[in-house]
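Good morning, colleagues. Please look at the sequence and the structure on the screen while I go through a few local features.

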Amino acid sequence: MIDALRALVGHEHVLVDSDVKASFETDWTGRFTGASQCVVRPADTTQVADVLRLCSAEGAQVVVQGGNTGLVGGSVPTGGEVLLSLTRLDELGPVDVASAQVTAGAGVTLASLQAHARSSDVEFGVDLAARESATVGGLVATNAGGIRVLRYGSMRAQVVGLEAVLADGSVMSRMAGLAKDGTGYDLVGLLSGSEGTLAVVTAARLRLWPRLTSRAVALLAFDSTASAVSVLPALRASLPSLSAAELFYSSGLSLVRKHRGLPAPFPAEHAAYLLLECIDRTDPFDELAEAVGGMAGLMDATVAVDAAGQRALWAYRESHTESISAEGVPIKLDVAVPVACLPELVDALGPAIAAACPEARPIVFGHVNEGNLHVNVLDALDRHDEVTTVVLSLVASMSGTISSEHGVGRAKAPWLGLSRSPVEVDAMRAVKHAFDPAGVLNPGVLLPAL
Ligand code: MLT
Ligand code: ZN
């Protein structure tokens with residue numbers, strides 16, 4: 001098997017040494033790990049197809065990996081799989097100005113894609129903190145969200161075409177990028193968010209947006225989550241330039257300040273913090289300042305005028321993930337509820353988690369416009385299942401989803417039934433069987449074991 005793989009992709013691109021494989025085999029959080037049979041690094045779609053054809057013939061299961069920034073254990077092995085790393089598929093096509101689209105290989109990082117778009121005076125619509133490592137393939141596979149969903153939608157909304165390889169090595173290519181295409185099932189939409197369980201995405205045709213360069217960033221402090229949430233409709237109505245609305249709390253802020261050595265943003269501590277960003281052709285500072293004035297429940301506010309000040313405000317929000325992980329390995333639960341339910345969820349989380357694990361330290365932050373909360377729980381790994389069950393059940397009781405933007409992965413597969421009915425799970429299993437009847441791709445990811 002190893003020799004056959006080496007014949008396909010080159011000797012140096014099949015890694016078998018434990019030390020060399022190690023960085024591929026453990027996820028970013030350190031929570032999910034497993035030994036692969038080998039790590040295979042194909043150079044292009046043809047080699048991906050060759051590798052999958054061989055693995056299928058040999059009965060080997062395959063785990064697919066991009067930048068290994070996933071947070072739900074969806075791209076690391078459990079033991080014995082072939083790990084297919086797509087980082088060498090990093091070709092970026094020229095920006096197609098006529099259609100405002102670009103073709104990117106699965107291994108292109110988000111930061112490279114963003115820089116490439118900007119060099120042609122256009123913008124890519126998705127942004128998130130892991131931009132330097134996260135890859136196009138992983139963003140598509142998880143239907144990634146991030147900080148600009150409010151303005152541009154999530155990853156699926158950016159994908160106008162895909163090239164993907166099925167488990168048997170056959171290649172499916174829909175890369176024309178037609179804005180209107182009524183020929184039946186939306187297979188491109190289906191593969192987006194399928195977490196590598198249906199096919200291996202090798203390239204994507206992506207939508208681009210006009211580039212806007214003037215920005216204003218404000219950090220607001222509120223007396224409650226309810227106040228922070230209640231200002232949203234007025235903000236959306238008065239600020240067409242609103243591009244991000246991010247929520248966090250003093251528990252996360254104090255960890256960020258501790259690990260990044262940052263000063264307090266305000267003289268006093270407050271119940272909830274909302275970071276707003278407006279981006280436009282002309283400076284949105286005045287309209288943002290006007291919209292913020294006179295808000296009910298507003299305790300304090302600061303607006304950054306220059307790029308350095310804006311980066312400093314963003315650091316309070318974007319450093320949450322790293323600062324939490326610097327404290328220990330957290331349980332990470334990415335959930336969403338209808339926005340009106342957010343205050344009730346935030347209030348209920350603390351007591352529910354404490355009942356399942358008294359020592360647990362919950363840190364909550366998220367993307368408020370989508371009702372998307374990242375519930376991170378430190379010091380609770382030994383009560384993992386109990387904590388996960390109370391949090392996800394609470395979310396489900398509010399008509400929420402157990403996965404908003406990170407995917408289900410292996411981490412939440414056993415709880416899929418909280419968000420999907422038996423009819424839906426059966427339909428999803430039928431789709432999986434149609435694409436990958438032998439169960440070669442990403443075993444144990446997304447669909448719970450039968
Ligand atoms: C974020 O919003 O920062 C990301 O989803 C990462 C995380 O949840 O830790
Ligand atoms: Zn997020």
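**Helix packing in a predicted model**

L8 is found in helix 1, residues 2-9; here helices (H or I, at least four residues) and strands (E, at least two) are DSSP runs, numbered from the N terminus. Before going on, a note on conventions: this is a predicted model, in which local features need pLDDT of at least 70 and side-chain atom pairs count only at pLDDT 80 or more, while totals for chains, interfaces and linings use all residues. Residues are numbered from 1 along each chain as its sequence is written, chains are lettered from A and ligands numbered from 1 in the order in which they are written, and side-chain values use heavy atoms, leaving out hydrogens and water.

Leaving aside residues up to four places away in sequence, L8 touches Q47, D50, V51 and L54, where contact means heavy atoms within 4.5 Å.

I turn now to helix 16. Its residues 384-397 number 14, and at 1.5 Å a residue they should span 20 Å, which agrees with the 20 Å between the end C-alpha atoms; the expected span is 1.5 Å times one less than the number of residues. Which residues of helix 16 are buried? They are H384, V387, T388, V391, L392, L394 and V395. These residues cover an arc of only 155 degrees around the axis, which puts them on the same side of helix 16; the arc is that of the directions from the helix axis to the C-beta atoms. They pack against strand 15 (331-336), helix 15 (342-356) and strand 17 (372-378). After helix 16 comes S399, whose phi is positive, near 60 degrees.

How do helix 15 and helix 16 meet? Their axes come within 9 Å and cross at roughly 155 degrees; axes are lines fitted to C-alpha atoms, for helices over the stretch in contact, and angles run from 0 to 180 degrees between N-to-C directions. That makes helix 15 roughly antiparallel to helix 16, given that angles under 35 degrees count as roughly parallel, over 145 as roughly antiparallel, 65 to 115 as roughly perpendicular and the rest as oblique. The contact involves L345, A348, L349, A352, I353 and A356 of helix 15, and E386, V387, V390, V391, L394 and V395 of helix 16.

Finally, the axes of helix 11 (residues 250-260) and helix 14 (residues 320-327) come within 9 Å and cross at roughly 80 degrees. Helix 11 and helix 14 are therefore roughly perpendicular to each other.

Conventions
Buried means under 20% relative accessible area, exposed over 50%, partly exposed in between (1.4 Å probe, protein chains only).
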